[in-house]
Amino acid sequence: MAISFESALGVHESAFKLRAQRAELLADNMANVDTPNYKAKDLDFRQALEAQTSGRSGVNLAATHNGHLSGFEETGHPDAKYRVPQQPSIDGNTVEEHIEHAEYMKNALDFQASFQFLNGKFKGLTSALRGE
């Protein structure tokens with residue numbers, strides 16, 4: 001009998017991947033805090049997780065030729081949205097450093113929790129395979 005990691009890990013694998021993607025977006029925002037006209041991006045974690053676990057995405061692509069890419073998810077963040085600033089800057093940059101930093105720290109804690117959930121799942125699978 002084969003082990004289905006999708007059913008064994010549940011939503012935790014998708015959550016872990018989305019937390020990593022969100023960390024990347026937030027780090028990009030913080031790196032561009034002084035870039036004129038840079039628009040801050042973020043993703044709605046709940047909405048993105050629901051889309052990923054339900055098997056639907058915001059963009060439907062059809063590969064009609066062997067040379068086509070397999071999907072948008074591999075080339076970017078399909079669930080990323082622009083953030084509306086509380087205090088717009090004169091140079092058109094919408095990154096607010098204190099908000100980005102706070103969101104990054106919250107995401108880091110959630111990332112750690114997702115990692116611990118996944119780790120627990122793998123420990124359970126290892127115990128089951130050993131017959132413990």
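Is Asp42 buried or exposed, going by its relative accessibility? Asp42 has 11% relative accessibility, so Asp42 counts as buried. The cut-off explains the label, because buried means under 20% relative accessible area. The model is predicted.

**Salt bridges**

The structure holds seven salt bridges. Three of them are listed here by side-chain pair.

| Pair | N to O distance |
|---|---|
| Arg19 and Asp110 | 3.5 Å |
| Arg22 and Asp42 | 2.7 Å |
| Asp42 and Arg83 | 2.2 Å |

**Around Asp42**

Asp42 forms a salt bridge with Arg22. Arg22 lies in helix 2, whereas Asp42 lies in strand 1 (residues 41-43), so the pair ties together parts 20 residues apart in sequence. Arg22 is buried, with a relative accessible area of 8%.

Asp42 also meets Arg83 in a salt bridge. Arg83 sits in the loop between strand 2 (80-82) and helix 4. This pair links distant parts of the chain, 41 residues apart. Arg83 is buried, and so is Asp42.

**Arg19 and Asp110**

The side chains of Arg19 and Asp110 also meet in a salt bridge. Arg19 is in helix 2 (residues 12-31), and Asp110 is in helix 4 (residues 97-130). The two residues are 91 residues apart, and their pair links distant parts of the chain. Arg19 counts as buried at 10% relative accessibility. Asp110 counts as partly exposed at 32% relative accessibility.

Terms used. Residues are numbered from 1 along each chain as its sequence is written. This is a predicted model: local features need pLDDT of at least 70, side-chain atom pairs count only at pLDDT 80 or more; totals for chains, interfaces and linings use all residues. Side-chain values use heavy atoms; hydrogens and water are left out. A salt bridge is a side-chain nitrogen of Lys or Arg within 4 Å of a carboxyl oxygen of Asp or Glu. Helices (H or I, at least four residues) and strands (E, at least two) are DSSP runs, numbered from the N terminus. Buried means under 20% relative accessible area, exposed over 50%, partly exposed in between (1.4 Å probe, protein chains only).
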